[in-house]
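Q: I would like a close account of a single part of this model. Please describe how its elements pair and what surrounds them.

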Amino acid sequence: MTNEPSAAYRIRRFEPHDMAALYEICLLTADSGVDASALYSDRRLPGYIWAAPYGALEPDFAFLLADGDRVLGYVVAAPDTVAFEARLERDWWPKVRAEVAGMTPQKPLDEGVLRRIATPERHETALQDYPAHLHINLLPEAQSGGWGRRMIETELDALRRAGVSGVQLGVSPDNERAKGFYSHVGFTDISGPGHVTYAMTLR
């Protein structure tokens with residue numbers, strides 16, 4: 001069933017008080033687009049990796065979909081992946097590691113996230129051609145109404161204004177709906193062995 005876009009929805013820039021919304025929406029979409037609350041013992045765990053650091057370190061490239069005061073989705077990006085990963089190591093991971101110190105895996109996906117916090121994965125796919133990367137997540141009620149496309153376009157416009165030549169994003173291998181969406185909005189599948197990656201040239 002297609003959701004009707006609300007006339008009250010609007011896309012706005014991230015503000016510091018929105019950090020809790022980044023964590024929560026990331027959790028509620030972390031299981032290939034659906035609620036992963038039962039898969040993590042701490043509701044912040046997925047957000048530590050895929051949402052909150054962008055609000056903290058790249059707020060100019062963080063946008064939210066809002067319905068009044070309620071946040072229904074986000075799109076976040078880093079215009080320079082290599083520089084962003086260096087900033088994460090300097091300014092983000094030490095704080096996060098202190099927060100999760102002593103945490104032992106209790107739920108199915110805890111271990112993988114804790115491992116990535118301890119030893120972060122690096123983007124290595126086509127960084128010369130696609131130096132930026134992004135993440136987007138919308139709650140189910142905001143999906144299928146054209147807002148995903150509008151969010152992506154907002155982010156791409158911001159990256160273009162910053163002079164970024166290309167952007168990429170990773171997709172869960174079993175998230176067929178996301179693969180179809182990214183193809184539909186103009187991304188190209190550049191996947192290789194062991195990863196699913198979509199990319200777009202911005203110049």
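A: The sheet and its surroundings

Leu 64 is buried, with a relative accessible area of 1%; buried means under 20%, exposed over 50% and partly exposed in between, computed with a 1.4 Å probe on protein chains only. The model is predicted, so local features are taken at pLDDT of at least 70 and side-chain atom pairs at pLDDT 80 or more, whereas totals for chains, interfaces and linings use all residues. Residues are numbered from 1 along each chain as its sequence is written, and side-chain values use heavy atoms, with hydrogens and water left out.

Leu 64 belongs to strand E2 (residues 62-67). Here strands (E, at least two residues) and helices (H or I, at least four residues) are DSSP runs, numbered from the N terminus. Not counting residues up to four places away in sequence, Leu 64 touches Arg 10, Ile 11, Arg 12, Phe 14, Asp 18, Leu 22, Val 71, Gly 73, Tyr 74 and Met 151, contact being defined as heavy atoms within 4.5 Å.

E2 is part of an open sheet of seven strands with mixed pairing, in the order E1-E2-E3-E4-E5-E7-E6; two strands pair if DSSP finds at least two bridges between them. The edges are held by strand E1 (9-13) and E6, each with a single partner strand, so that one side of each has no neighbour in the sheet. E2 pairs with strand E3 (residues 70-78) in the antiparallel sense over six bridges, and within this pairing Ala 62 stands opposite Val 76 of E3. Helix H1 packs on the sheet, touching E2, E3 and E4, and its direction makes about 95° with that of E3. Axes are lines fitted to C-alpha atoms, for helices over the stretch in contact, and angles run from 0 to 180 degrees between N-to-C directions.

Further along the sheet, strand E5 (residues 166-170) contains Gln 168. Gln 168 is buried, with a relative accessible area of 3%, and its side chain reaches the backbone oxygen of Tyr 130 at 3.0 Å. A polar contact of this kind is a pair of N or O atoms within 3.5 Å; within protein, one must be able to donate a hydrogen and the other to accept it, and residues adjacent in sequence count only if both atoms are side-chain atoms. Leaving aside residues up to four places away in sequence, the residues touched by Gln 168 include Ala 126, Tyr 130, His 133, Thr 197, Tyr 198 and Ala 199.

Ala 126, one of these contacts of Gln 168, lies in the loop between helix H5 (110-118) and strand E4 (132-138). Ala 126 has a positive phi of about 50° although it is not a glycine, and it is partly exposed, with a relative accessible area of 32%. A positive phi of about 50° also occurs at Ser 32, again not a glycine. Ser 32 is found in the loop between helix H1 (19-28) and helix H2 (45-50) and is partly exposed, at 27% relative accessibility.

E5 and E7 run antiparallel and are joined by five bridges, with Gly 170 opposite Thr 197 in E7. On E7 there are also two bridges to strand E6 (residues 188-189), again antiparallel, and Thr 188 stands opposite Ala 199 in E7. Four of the five residues of E7 are buried, so the strand is largely enclosed by the rest of the structure.

The structure holds six aromatic pairs. Among them, Tyr 182 and Phe 187 form an edge-to-face pair, 5.8 Å centre to centre with 70° between the planes. Rings of Phe, Tyr and Trp (its six-membered ring) pair if their centres lie within 6.5 Å; planes under 30 degrees apart count as stacked, over 60 as edge-to-face and the rest as tilted. Tyr 182 is buried at 8% relative accessible area, and Phe 187 is buried at 5%. The rings of Tyr 182 and Tyr 198 have centres 6.1 Å apart and planes at 45°, so this pair is tilted. It links distant parts of the chain, with Tyr 182 in helix H7 (residues 176-184) and Tyr 198 in strand E7 (residues 197-201), 16 residues apart. Ring pairs link Phe 181, Tyr 182, Phe 187 and Tyr 198 into a cluster.
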